[in-house]
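Welcome to my notebook. I went through the structure below one topic at a time and wrote down what I looked up.

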Amino acid sequence: MTEEKFDDHNLAEEDPEDLARLDQLLNDSSLSPADRGRELLTFAIDLTRHNRSLDTAYRALTACALIVRNVPEMKSSLHSLHLLRGEIASKRNEEKVARKSTKRALSLARISKDAKGEIKAHLQLSELTFRRGRDKSGQRRARKALNLATNIQDPYLEYYAHQLLGKQAFNRGNRERSKEHAEWAVEFARTLRDPESLSNAFHLRAMVAYAEDNLEGAQQYAEEALELATTSQNAHTQAAAHKLLGDMAFWRGDLDESRENAEKSLKHAIASRDSQALALAYQLMGDLARQRRDFHLADDYAQQARSYSEAFGDNDAQASAHELLSDLARRGNANQVAQQHASRSLALAEASGDKQRQANANRLLGDLAYLQGDIKKMMHHAKKAYSLAQAAGDRVGQANAETLMARSAIEDDDWPKARTHVNQAISLKLAAGDVEGTASAQMMLGHVLANEGPQVWPEALKHALDAVRVRERLRTELGSAAAERARYLASTWEWDRLPLQLASDVGDGWAGFELMELGRSKALSDLLHRYAGGEQELPEAVKHLLAELETHQAVAEAALGPHLGGRAELPHVDRQSVEAQIAQLHAKLAALVGNAFQQVFTGGQATPQELRSRIPSDVHVLLLRLLPADGLGARQLYSVWVPPDPDQPPVIRQQFLSSEEDRWLAELTASGPEGRHAAGRRLLKDAKHPWRRDLAVKLLPDELYASLGNLDPESDTPVPTLLIAPSGELWGVPFAALDVADRYLLDRAALTLLPSLRLLPQPSAPPHGARHADRALTYTAGLSAQPAPEKLLYDFADRLDEVTDPRELVEKLRSGDRYKLAVLSVHGNDQLGLEQSLLLRTMPQRRLSAAQLLGLRLPVHLVLGSCWSGRLSPNLGEEPIGLPTVALTRGAVALATALYRVPDKATGRILATYYQQLSTNTPAPYALRNSQRRYIADTSGGALLDEKAELGSSPWYWAGLTLFTTAPGQQMGNF
């Protein structure tokens with residue numbers, strides 16, 4: 001789901017429509033002075049009630065005051081003018097003017113014996129007194145107003161007084177008193193039969209119920225508030241109701257529902273032109289963006305929230321906006337800016353008497369003191385935060401203060417005390433329903449226990465692993481946009497370090513197995529099992545974007561014209577604009593699809609034992625994770641080996657890469673300064689380079705290394721299959737070239753890659769390719785890398801369809817599951833994600849991107865021997881999306897791909913043998929292994945003539961060809 005943009009026309013400024021209306025009222029000659037005065041007063045009241053164009057409201061009020069002085073029949077409105085002037089001044093943070101005007105209104109009401117005017121003045125003075133932090137004085141005035149309203153039996157003013165007293169009791173943390181007043185407010189609002197008033201009363205009742213942990217009741221009251229707000233057709237009230245529902249969804253972790261309500265709240269706020277509603281809606285949007293780790297967007301929303309809250313003078317809303325801005329600045333290491341915002345938030349919260357916001361500001365100031373190394377100051381703020389949060393009944397605030405106090409204990413190496421504080425934080429966050437906060441506290445407890453000694457490491461691992469499980473669940477709830485999930489994972493990658501370290505230290509291979517898989521994409525496997533082979537249709541939105549993409553690519557093709565025919569570029573087509581539109585469509589598809597569709601984010605996480613049951617009995621599995629450098633600069637490499645023997649548990653090992661090994665890895669995986677076009681060339685051309693041996697020792701656990709090293713590659717006994725699931729930059733490692741006991745890893749095992757073990761089918765799944773016809777499809781774009789068509793004809797006789805037109809190829813692949821094998825002899829590109837493409841034709845250019853594969857049904861075997869076709873994202877947090885993984889979701893079971901810019905002639909030789917091997921029903925991993933070994937033998941022994949030095953036996957010529965398969969070691973139907 002992408003972020004929706006809203007146009008609010010800078011509503012914090014004076015609205016042009018309001019300015020025009022004021023001008024009309026001042027210059028309308030048809031109005032009598034009395035009528036003009038009444039119209040101006042009504043206009044000013046409307047603007048003030050809706051927190052809009054306050055300067056315009058003040059000008060209207062000033063003009064009305066001049067009329068009142070000269071029109072005797074309007075003199076009775078004088079106290080209303082002063083009351084409204086006080087309200088406007090209050091919203092503009094002009095407290096002295098507000099108090100003076102309101103007191104003048106009270107005096108005039110008493111003189112004229114206007115009971116209602118006196119009650120209204122007392123209520124307004126009460127609000128001003130509460131804002132100054134004088135709670136007792138504010139309560140006295142509000143109760144006086146309530147008593148007067150009861151005496152004259154005015155249900156609206158009684159409702160208003162109870163609503164005000166209920167809000168103030170809520171802000172002070174007195175939930176019981178707040179509930180009592182909220183219930184009375186509901187009763188009087190029912191008497192009024194005013195949907196807007198009743199909606200506001202239910203809104204307060206919902207807030208109280210939520211604070212009491214009555215989540216079901218809170219949801220019911222909030223939904224009633226929304227229903228009544230919709231009935232009243234009051235945009236301001238609807239905005240408030242959606243904001244409340246959004247807040248509640250946010251705290252229970254339903255971010256999609258929260259965002260939906262936040263967007264509706266913002267739309268209604270814009271429609272109402274109410275600065276207060278806008279500030280609150282933008283605040284929630286900012287909180288949601290922060291939760292998704294989109295800090296730039298969160299800062300934009302927080303700035304908007306601050307601007308609008310300043311426009312209507314709400315100290316509480318301003319405090320919340322500054323609190324968010326402070327946290328965002330702290331995350332961006334702008335600690336001085338964070339300090340300024342936190343201090344401002346505290347001052348505003350103190351001015352309004354809001355203890356919860358005071359607690360939050362003190363917690364932020366404590367965090368900043370900790371970063372500055374001032375532990376004494378941190379503890380001062382932590383204790384204040386705890387006391388204030390406790391007074392406000394804010395469990396999350398108390399828990400945050402507990403974690404600050406735990407940090408102080410950690411600094412003193414007082415681990416038992418730290419454990420006490422963190423356990424208390426966990427209990428409080430659990431009671432408050434703060435899912436991510438609980439996980440964060442559990443991770444902190446894991447760190448504390450890890451430092452208490454080896455005897456409690458298993459317990460530390462349990463807490464850290466639980467935290468990572470929650471992290472993964474929250475990540476999948478972010479929606480289908482891969483960028484959001486990547487941002488979240490990248491911002492929390494440190495969470496992986498502790499549990500992996502502990503799993504390695506205690507030798508818990510099952511925990512290591514689970515941790516390795518948790519960082520991978522469950523969504524991708526769900527997509528495979530639900531959509532592969534076209535068994536379920538694509539979502540309509542995806543279909544629409546794919547059709548639009550195809551149309552734009554046709555326009556781009558037409559822009560060049562048939563190059564060989566001599567037509568010039570079409571003058572009316574802006575190719576740059578069309579290419580930009582194509583890139584935008586890919587971005588939209590990425591946001592909509594990510595690694596999967598929205599519907600696949602369902603179901604529970606697979607346990608390691610469930611995943612183990614999917615691994616074929618003769619297959620070894622190696623899972624790899626490389627973490628960024630720690631404080632000492634060394635990069636940690638974790639490997640988990642899952643042996644074929646089901647009675648043998650997984651084995652986890654930790655290694656540290658030397659600086660030299662790190663440089664080798666950067667060069668091999670194209671993450672170094674020379675870039676992708678030179679990936680590994682120097683190292684791979686030197687068959688005796690030590691990288692092969694040294695990296696093999698680091699990448700393979702000792703037990704796996706020994707098991708493979710003891711095998712005789714020349715024995716009649718088949719070598720085992722080794723399924724490798726790398727991550728990050730390890731995707732670029734040419735594993736086949738590793739040195740295991742003086743032989744290539746290729747000699748010791750048949751190799752295959754897979755992004756996640758979740759892509760493996762269930763044991764009960766039918767054999768792959770059983771329903772596919774024995775036909776083959778080939779497309780050639782004039783490359784020498786692939787075998788000549790007659791060679792394929794020899795292998796597959798009359799079962800071969802040859803295609804040379806790109807459009808015909810795409811049409812055939814729409815129902816490509818009619819074929820068992822498709823060979824695309826084309827160039828590739830080095831893009832990542834859905835934009836990764838095959839170049840079907842150079843002039844005019846025609847590409848087939850990973851995005852477009854989503855609309856196809858692919859054969860069981862797919863050969864993409866083009867350069868970079870096996871390349872997946874090496875970036876931290878990004879899911880392994882590209883040509884191979886998308887192809888696996890659209891029916892392909894085995895894909896031959898290339899890691900880097902492979903040599904054409906050598907690749908063609910290897911693939912020619914690969915097709916021969918497939919035609920004899922050799923499983924794909926063994927077919928590719930046999931082909932590469934035969935090529936090495938032929939080039940080493942001089943069996944192949946190579947006058948132009950286009951062939952060679954070093955790994956550069958053959959190790960770049962890799963295989964992805966969801967059926968390791970299995971036959972996929974007979975040829």
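**Charged patches**

I began with the surface, where Glu411, Asp412, Asp413 and Asp414 form a negative patch. For patches, residues need over 30% relative accessible area and no salt bridge, with like charges joined within 9 Å and nonpolar side chains (Val, Leu, Ile, Met, Phe, Trp, Tyr) within 5 Å. Asp and Glu count as negative and Lys and Arg as positive, while His and the chain ends are not counted. Each charge is placed at NZ of Lys, CZ of Arg, CG of Asp or CD of Glu. The areas come from the Shrake-Rupley method with a 1.4 Å probe, and for residues only the protein chains shown count as cover.

Before going on, I noted that this is a predicted model, in which local features need pLDDT of at least 70 and side-chain atom pairs count only at pLDDT 80 or more, while totals for chains, interfaces and linings use all residues. Residues are numbered from 1 along each chain as its sequence is written, and side-chain values use heavy atoms, with hydrogens and water left out.

Where is Asp412? I found Asp412 in the loop between helix 20 (395–411) and helix 21 (415–432). Helices (H or I, at least four residues) and strands (E, at least two) are DSSP runs, numbered from the N terminus. Asp412 counts as exposed because its relative accessible area is 57%; buried means under 20%, exposed over 50%, and partly exposed in between (1.4 Å probe, protein chains only).

I then looked up a positive patch, made of Lys103, Arg132, Arg134, Lys136 and Arg140. Lys136 sits in helix 7 (residues 135–152), and at 66% relative accessibility Lys136 is exposed.

**Salt bridges**

How many salt bridges are there by this rule? The count is 38, where a salt bridge is a side-chain nitrogen of Lys or Arg within 4 Å of a carboxyl oxygen of Asp or Glu.

I picked Asp327 and Arg330, whose side chains form a salt bridge at 2.6 Å, N to O. Both are in helix 16 (residues 315–331), 3 residues apart, about one turn of the helix. Asp327 is buried, at 3% relative accessibility, whereas Arg330 is partly exposed, at 22%.

Next I checked Asp367 and Arg363, which are bridged at 3.3 Å, N to O. These two share helix 18 (residues 355–371) and stand 4 residues apart, about one turn of the helix. Asp367 and Arg363 are both buried.

My next pair was Arg933 and Asp747, with their closest N and O atoms 2.8 Å apart in a salt bridge. This pair links distant parts of the chain, 186 residues apart: Arg933 is in helix 41 (residues 924–940) and Asp747 in helix 35 (residues 745–748). Both Arg933 and Asp747 are buried. I also noted a network in which salt bridges with shared partners join Asp287, Arg290, Asp327, Arg330 and Arg331.

**Two single residues**

Is Ser837 buried or exposed? Ser837 counts as buried because its relative accessibility is 4%. I placed Ser837 in strand 12 (residues 837–841). Leaving out residues up to four places away in sequence, Ser837 touches Gly828, Asn829, Arg847, Leu848, Ser849 and Leu883; contact means heavy atoms within 4.5 Å.

I ended with Pro649, in the loop between strand 2 (635–642) and strand 3 (651–657). Pro649 is partly exposed, with a relative accessible area of 43%. Pro649 and Gly509 lie 140 residues apart in sequence, yet 6.4 Å apart in space, C-alpha to C-alpha. Beyond four places in sequence, Pro649 touches Trp510 and Pro643.
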